[in-house]
Amino acid sequence: TVFISGENHTMAMKTFAAANLGPILTDNMTRSGYREPTLVQKHAIPMVAAGRDLIAWARTGSGKTAAYLLPIVNKLIENNNEAETGETMQAPKCVVITPTRELAIQTHDDARKFAEGSMVKSVVAYDDTCVGQLQKGCDILVTCPGPGPGKLPDLLEKGLVSFANCKYLVLDEANRMLEMGFMPEIEGMMEDPAMPKKAPEGNRQTLLFSSSSTDEIQERAQEFLTDYLCLAIQ
Ligand code: AMP
């Protein structure tokens with residue numbers, strides 16, 4: 001069953017063709033065996049493509065990663081603005097925050113697969129081996145909160161990453177980040193002076209994915225998102 005709430009919600013798409021994802025993405029998806037969109041993709045891709053903030057209750061295995069990465073990578077390819085290479089401070093256009101390095105690696109692998117053959121670069125950061133990769137240019141940063149070198153707080157503190165160009169902010173498995181005690185840290189990042197504001201003050205698009213619905217997640221959604229849609233797949 002699918003539940004949707006929010007003002008002016010978009011219509012679900014039936015096929016990937018309806019999403020107009022362009023030749024590079026279409027090729028890469030065909031090569032990876034993506035033929036039919038999953039239920040969460042049918043609903044979420046048009047929402048993300050329409051620029052809406054979104055909170056989605058969807059589990060790992062539902063295809064949620066592609067549901068947000070495909071429309072974001074598509075926009076990055078269309079806008080074709082290359083990341084600055086060789087810059088010490090990288091300002092990715094998309095930042096994906098995930099609770100664990102395993103999920104960060106998987107998400108980065110998907111981003112890399114979708115962006116193959118384009119100028120869009122994804123970098124995964126969870127330890128200090130990421131620094132060299134970052135400096136080759138970074139459009140999509142997939143990373144984790146928490147202490148230790150190479151995690152997002154450390155990259156921000158060392159001036160290796162800035163939120164200045166963060167048009168797309170994704171909080172993946174937000175319920176796990178909450179359980180792991182990372183929410184105060186994430187709230188701090190929202191207050192970072194470089195972080196683009198949510199609408200209407202700014203143009204940040206924020207997507208929050210969670211495998212369970214709790215009051216606390218709903219409260220964070222109120223805080224981080226604007227005029228958002230809610231999507232629940234059960
Ligand atoms: P996720 O829920 O994002 O972790 O995705 C679960 C798995 O399904 C991943 O291995 C994806 O590569 C794969 N997958 C996601 N969407 C599709 C699709 N539309 N067609 C085929 N495989 C998919």
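Trainee: In this predicted model, what makes the residues of strand β4 (residues 122–125) count as buried?

Mentor: The label requires a relative accessible area under 20%. Ser122 and Val124 point one way from β4, Val123 and Ala125 point the other way, and all are buried.

Trainee: Why are β4 and strand β5 called a pair?

Mentor: Two strands pair if at least two bridges are found between them.

Trainee: Which strands pair with β6?

Mentor: Strand β3 (residues 94–97) pairs with β6 in the parallel sense over four bridges. Strand β7 (residues 205–210) also pairs with β6 in the parallel sense, again over four bridges. Leucine 171 of β6 illustrates both pairings: isoleucine 97 stands opposite leucine 171, and in β7 the bridge partner of leucine 171 is leucine 208.

Trainee: How many residues of strand β8 are buried?

Mentor: In β8 (residues 229–233), four of the five residues are buried, and the strand is described as mostly covered.

Trainee: Why is threonine 1 called exposed?

Mentor: The relative accessibility of threonine 1 is 61%. The cut-off for exposed is over 50%, and therefore threonine 1 counts as exposed. Threonine 1 is found in the segment before β1 (2–5).

Trainee: Which residues does threonine 1 contact beyond its neighbours within four places in sequence?

Mentor: Threonine 1 is in contact with Ala232, Ile233 and Gln234. By comparison, the C-alpha atoms of threonine 1 and glutamate 116 are separated by 34 Å.

Trainee: Why is asparagine 28 called buried?

Mentor: Asparagine 28 has 3% relative accessibility. Buried means under 20%, so asparagine 28 counts as buried. Beyond residues up to four places away in sequence, asparagine 28 touches Lys113, Phe114, Ala115 and Glu116.

Trainee: What makes the approach of asparagine 28 to arginine 31 a polar contact?

Mentor: The distance between their side chains is 3.3 Å.

Trainee: How do you know that the buried residues of helix α1 line one face?

Mentor: Leu25, Asn28 and Met29 are the buried residues named in α1 (residues 22–31). Seen down the helix axis, the buried residues fall within an arc of 100 degrees, so they line one face.

Trainee: What lies on each side of α1?

Mentor: The buried residues of α1 pack against α3 and α4 (101–115). The face turned away from the buried side carries the exposed residues Pro23 and Arg31. Just after α1, glycine 33 takes a positive phi of about 80 degrees.

Trainee: How many residues form the largest nonpolar core, and which have the most contacts inside it?

Mentor: The largest nonpolar core has 40 residues, and those with the most contacts inside it are Leu54, Tyr68, Leu70, Ile72, Ile140 and Leu207. Helix α3 (residues 64–79) contributes the largest share, eight residues. A second, separate core has 35 residues, including Val95, Ala125, Met177 and Ala232.

Trainee: Which residues come nearest to the ligand?

Mentor: Of the 15 residues around the ligand, Tyr34, Gln41, Gly61, Gly63 and Thr65 come nearest. An N or O atom in the side chain of tyrosine 34 is 2.6 Å from a ligand oxygen atom. A polar side-chain atom of glutamine 41 lies 2.8 Å from a ligand nitrogen atom. A polar backbone atom of glycine 61 is 2.6 Å from an oxygen atom of the ligand.

Definitions and conventions
Residues numbered from 1 in each chain as written. Predicted model: local features only at pLDDT ≥ 70, side-chain atom pairs only at ≥ 80, totals over all residues. Heavy atoms only, no water. Core = buried A, V, L, I, M, F, W, Y, C linked by side-chain atoms within 4.5 Å. Buried < 20%, exposed > 50% of the residue type's maximum accessible area, 1.4 Å probe, protein only. Helix = DSSP H or I, 4+ residues; strand = E, 2+ residues; numbered from the N terminus. Arc of directions from axis to C-beta. Contact = heavy atoms within 4.5 Å. Polar contact = N/O pair within 3.5 Å; in protein donor to acceptor, adjacent residues only side chain to side chain. Near = heavy atom within 4 Å.
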